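Dear colleague,

Please find below the structure that I am handing over to you. My notes on what was found in it follow directly after.

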Amino acid sequence: MQEIEQIILDHEELIKKAIFKLKIYRDFEEYMQVGRIALWKAAKSFDKTKGEFAMFAYMTVKYAITRELSRSIDVSESEISVEEEVYSNVEQQPAIQPSLEWPEWFSKLKEDEQFLLKALFLEDLNLKEVADKYGLPYEALKKRRQRLFTKIRKIVEQRKGETY
């Protein structure tokens with residue numbers, strides 16, 4: 001075991017070189033680990049009669065990192081398609097039928113604003129639960145809720161001014 005640790009230490013720069021050559025700047029440690037595993041496999045399967053270890057190790061490491069990069073791209077593409085499907089499902093959700101009578105100003109709100117109010121008050125969900133359930137970004141929902149409540153306050157204040 002000590003021998004493989006020494007090989008990894010001796011060839012750490014080789015792994016970094018392969019990563020930078022492939023222009024990978026994110027998840028650096030993850031790809032370093034992939035490179036270390038590939039280096040270990042290269043050390044186990046190296047045949048001294050076929051050439052220099054450094055070149056064999058470099059090619060093995062680079063190939064392993066390329067394979068891992070390809071897998072991660074496939075995963076992120078499928079995540080994107082799942083997100084698109086979730087958003088399209090949210091748009092196709094049947095309208096929640098209120099079990100209470102909404103004030104008259106409710107009809108003046110946009111459809112997405114009505115949806116958020118219903119989710120918060122009829123379904124009794126907090127913002128995190130709404131984001132998780134409908135696959136929406138939490139930070140965007142926070143801003144939307146803030147703007148919605150400001151809009152409702154203005155509508156209610158205008159109504160008070162009209163009645164007096």
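The second largest pocket holds about 180 Å³ of space. On a 1 Å grid over the protein atoms alone, a pocket is an open set of points where a 1.4 Å probe fits, with protein on both sides within 12 Å along at least five of seven lines, and its lining residues have an atom within 4 Å of a point. Grid points are joined across faces, edges and corners, and the volume is the space filled by probe spheres set on the points. The lining consists of K23, I24, Y25, R26, D27, Y31, L69 and S72. By class, four of these residues are nonpolar, one is polar and three are charged (nonpolar: Ala, Val, Leu, Ile, Met, Phe, Trp, Tyr, Cys and Pro; charged: Asp, Glu, Lys and Arg; polar: the others, Gly among them).

Please note that this is a predicted model, in which local features need pLDDT of at least 70 and side-chain atom pairs count only at pLDDT 80 or more, while totals for chains, interfaces and linings use all residues. Residues are numbered from 1 along each chain as its sequence is written, and side-chain values use heavy atoms, with hydrogens and water left out.

As to the overall fold, the protein chain has seven helices and zero strands (DSSP runs numbered from the N terminus: helices are H or I, at least four residues; strands are E, at least two). Of the 164 residues in the protein chain, 29% are buried (buried means under 20% relative accessible area, exposed over 50%, partly exposed in between; 1.4 Å probe, protein chains only). Among contacts between residues at least 6 apart in sequence, 56% join residues at least 24 apart, a contact being heavy atoms within 4.5 Å.

The largest nonpolar core has 20 residues, and those with the most contacts inside it are I15, I19, L39, F53, A57, V61 and I65. Such a core is a set of buried Ala, Val, Leu, Ile, Met, Phe, Trp, Tyr and Cys residues joined through side-chain atoms within 4.5 Å. Two or more residues each come from α1 (2-10), α2 (12-21), α3 (28-45) and α4 (53-91). Another core, of 18 residues, lies apart from it and includes L109, L125, L127 and L136.

L14 is located in helix α2 and counts as buried because its relative accessibility is 14%. Leaving out residues up to four places away in sequence, L14 touches A54, A57, Y58 and V61. Its C-alpha atom is 10.0 Å from that of R36, a residue 22 places away in sequence. With neighbours within four places set aside, A57 in turn is in contact with L14, L39 and A42.

M59 belongs to helix α4 and is partly exposed, because its relative accessibility is 46%. M59 and A18 are 41 residues apart along the chain, and their C-alpha atoms are separated by 8.5 Å.

D124 sits in the loop between α5 (111-122) and α6 (127-134). Its phi is near 55°, a positive value in a residue other than glycine. With a relative accessible area of 63%, D124 is exposed.

With kind regards
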